[in-house]
Amino acid sequence: MAEYLIKNGFVFDPILGINGDKTDVAIKDGKIVESTALSNPKVIDAAGKTVMAAGVDIHAHVAGPKVNVGRNFRPEDKLFTYEAGNGVKRMAGGFSVPTVFRTGYLYAKMGYGTVMEAAMPPLYARHTHEEMRDTPILDQGAYPVFGNNWFVLEYLKNHELENVEAYISWLLRTTRGYAIKIVNPGGTEAWGWGLNCNSIHDPVPYFDITPAQIMKGLMEANEALRLPHSVHIHTNNLGNPGNYETTLETFKLFEGAKANNDFGRKQVMHHTHVQFHSYGGDSWGNVESKADAIMDYVNSHDNMTIDLGCVTLDETTTMTADGPFEHHLTELNHLKWANTDVELETAAGVVPYIYGKNIKVCGIQWAIGLELALMAKDPMRVFITTDHPNAGPFFRYPRVMKWLMSKKAREAEMDSLKWAEKVRDATFLSGIDRELTLYEIAAMSRAGTAQALGLSSMYGSLKPGLQADVAVYDYNPETAEDPELIEKAFGNAAYLFKGGEVVVKDGDVVSNGNKKTLWVDVKVNDNPQVRRDVTEKFLRYYTVTEANYEVNEKVFMKNPYRIEVDATQ
Amino acid sequence: MRLSEVMMMETVTLTPKAQPDLYIDAENITPDAFAGKTAEEIAAIHVHEGNQTGLLGTYFEVSGKGGATAAETKIVIKGDVLRVKYIGMRMTAGEILIEGSADMYVGAWMEGGRIHVTGNVDAFSGTGMKDGELEIDGNAGNYLGAAYRGDWRGMQSGTIRVHGNAGSDIGTFMNGGTIVIDGDVDVHVGTHAEGGTIIVKGNGKSKIGGQMVKGDIYVFGTIDVMMPGYVYRENVDLEVDGTKATFAMYEGDMGERHGKRKGQVIYGHIYQKY
């Protein structure tokens, strides 16, 4: 493979503590190496440019059945967006629910190399993997959803933690999953009864355990299994005024818990799209930001991480395994609604949503997403996402970065809102002068996410030995004054190296790379009871057989990458 | 436009020559794309035939030239273009005259200007229309002035006038503007409409105004089956597109959620001429 030497760029790497120094980055055989290891490199002149490790997205909905439901029932989302195939690129299109090809190309253009699919229904793991297989360039993994799974609910009800662990091990292996995702724990199952769990103490019908027990039990199992990532939580009561109390209660469940793993992960719990969980007030009329209370807690508890879920003020498509929430949303906005029950496991809903500049609540939501980042004391624990496509499409990350890095840019956006003064009254944003640095942005978009995923030995830094995923942006931090340059540069990487290969040059995709699909193989002691239970559930309840359930690597995956964990002790 | 500026209308004439083997997508046949261009430049504009990209000049003899702006550009198509889609798509101003019949999507998403077709047009003409005028001397196909598939925001404004008959599903999800059909229409008229006016001077069939929450539909002739969600209210004397008559006024669709204005519930209206 070719050798590259990226010279003279302003390097930002929170892992190495490099803050804008001009440092050379050397690439050989797909890895980052010391520059002395190169013999005859191609030299890339990055003078006047910003150099970072490639981006790592911890939470986006980019593959699987609910994404495809979004594509299918929103033909209008594709209108006028298609581009013909060109060079190595295939035809691609779509806006908030783009095709897999467009997903790969646009992430690559932003200098991202790794993207985690945030919710995989185990029953549809095959479909999820097929879409990831067809998504070019990106290394990916998917989080199977566990929070409403009958096995988990039964074992936890009976306090059989070892069985939970054995089941998690079986399911991760069978679905080729990466981490434990929890969505509206218990609430989605309750939705099968036409109910919901609006607090973490509402008992789940029939199973008679609470969301708090589900989340805590899965966290304990996660740490006993020593998995690379922590539990990845979307707690109850999403999107409702006053829900910040539920969020804080959820956070408190994990107080004092310590991470147990060999992957450099420090948190025991990741809470996702916290913007949707930070609302005060008791109605849409008086909803207000509680980002301060949320971030006070996050800042003072270093055993947790969060991502933002920034609203980008676009027309988008919401999709979540939180089935009852999507029903609630369609009752609010009266737009079309799709709903699916996934037998024994989860559910999902999809509803289009327009975050309009004329709507006060949308402005408040936009402000809260940014406030969370701007109030963060430790950028290694607070990550940039838009919960793509729920709060906005992922390709708005450069715009989010612009707002975070420039008070001028976010004030201009604030002023363009119809209810700007009311939004200001209900939020803190205009009172915050902080402008994030590129060093902090690098933490929030690659170094921190890689660490939280337990992947800091592969991604997130330019440390020799790591995979050579490097982004070069045409942005000169010494001279750039216009905040629009941030959005432009970070949406059109000058270079993206993926596994040591150039996949983006001057904002154009020039290679489809050599993507990997990451999954976690955790070994546990043989557990005959769980084996019997799995067999029995397939015989009695599932409409498919076990043989038609598992993900066959050869058929459904591209370059599977197994991460082994031994939890037999 | 300031009064001192004088409109200098220029005409581009397209004469069909080779009939394409496949249907061609010609969304570039618009005053917007032709403005400021010579005949040679216009002949070099792209069209799509299947998955191949071709040139307009392969299919049309081009003469004349574009005006300085779209508003100053008139396009005349001499003869039938039965295998050409998307003529006038998204045009914002100017004029297109088709002396013959065209295929689907004529004037789709048009935002202004005027299109006049002396023959017939196929389905999806005036889809998602935002403004402007579309006049068809012959018949129109299905989905005339309807919303794009999946979209809940249909025709916003402007006028569509068909002197012959129209097919099914006209004005689906219509939000504004006017559609006038001199002849008959097939099933599904103004489905899901949230505004706008549809005037059918001939006969209607069934499913007129289904799920309509706001808007007006006038039918001068017969209606085979009235939607059960409509309630007769009263007779009203109206002048509709130049015709004075007494109409039976129905309100509905009662199966739908309706907005309120000043305490009054707003319904969709169907007016049937006596």
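User: Which residues line the largest cavity?

Analyst: The lining consists of B:Pro16, B:Ala18, B:Gln19, B:Pro20, B:Ile24, B:Tyr59, B:Phe60, B:Asp80, B:Val81, B:Arg83 and B:Val84. A cavity here is a set of points, on a 1 Å grid over the protein atoms alone, where a 1.4 Å probe fits but cannot get out, and lining residues have an atom within 4 Å of a point. Please note that this is a predicted model, in which local features need pLDDT of at least 70 and side-chain atom pairs count only at pLDDT 80 or more, while totals for chains, interfaces and linings use all residues. Residues are numbered from 1 along each chain as its sequence is written, chains are lettered from A and ligands numbered from 1 in the order in which they are written, and side-chain values use heavy atoms, with hydrogens and water left out.

User: How much space lies in that largest cavity, and what classes of residue make up its lining?

Analyst: The space is about 60 Å³, a volume being what is filled by probe spheres set on the grid points, which are joined across faces, edges and corners. Eight lining residues are nonpolar, one is polar and two are charged. In this scheme Ala, Val, Leu, Ile, Met, Phe, Trp, Tyr, Cys and Pro count as nonpolar, Asp, Glu, Lys and Arg as charged, and the others, Gly among them, as polar.

User: How many cavities are there of 30 Å³ or more?

Analyst: The search of the whole structure finds two.

User: Changing topic: how many residues does each chain bring to the contact?

Analyst: Chain B gives ten residues and chain A gives eleven, contact meaning heavy atoms within 4.5 Å. Between them about 910 Å² is buried, 69% of it from carbon and sulfur atoms; this is the accessible area (1.4 Å probe) that the two parts lose on being put together, summed over both. On the chain B side, B:Tyr148, B:Trp152 and B:Arg257 lose the most area to chain A, together 50% of what that side buries.

User: Which side chains meet in a salt bridge there?

Analyst: A:Glu315 and B:Arg153 do, at 2.8 Å from N to O. The rule asks for a side-chain nitrogen of Lys or Arg within 4 Å of a carboxyl oxygen of Asp or Glu, and it finds one such bridge across this interface. Over all chains the total is 47.

User: What is the phi of A:Asp387?

Analyst: Its phi is positive, about 50°, although A:Asp387 is not a glycine. A:Asp387 sits in the loop between S20 and H12 of chain A. Most residues other than glycine have a negative phi, and most peptide bonds are trans.

Key. 1 Å grid on protein atoms, 1.4 Å probe; cavity = no way out; pocket = protein on both sides within 12 Å on 5 of 7 lines; lining within 4 Å. Helix = DSSP H or I, 4+ residues; strand = E, 2+ residues; numbered from the N terminus.
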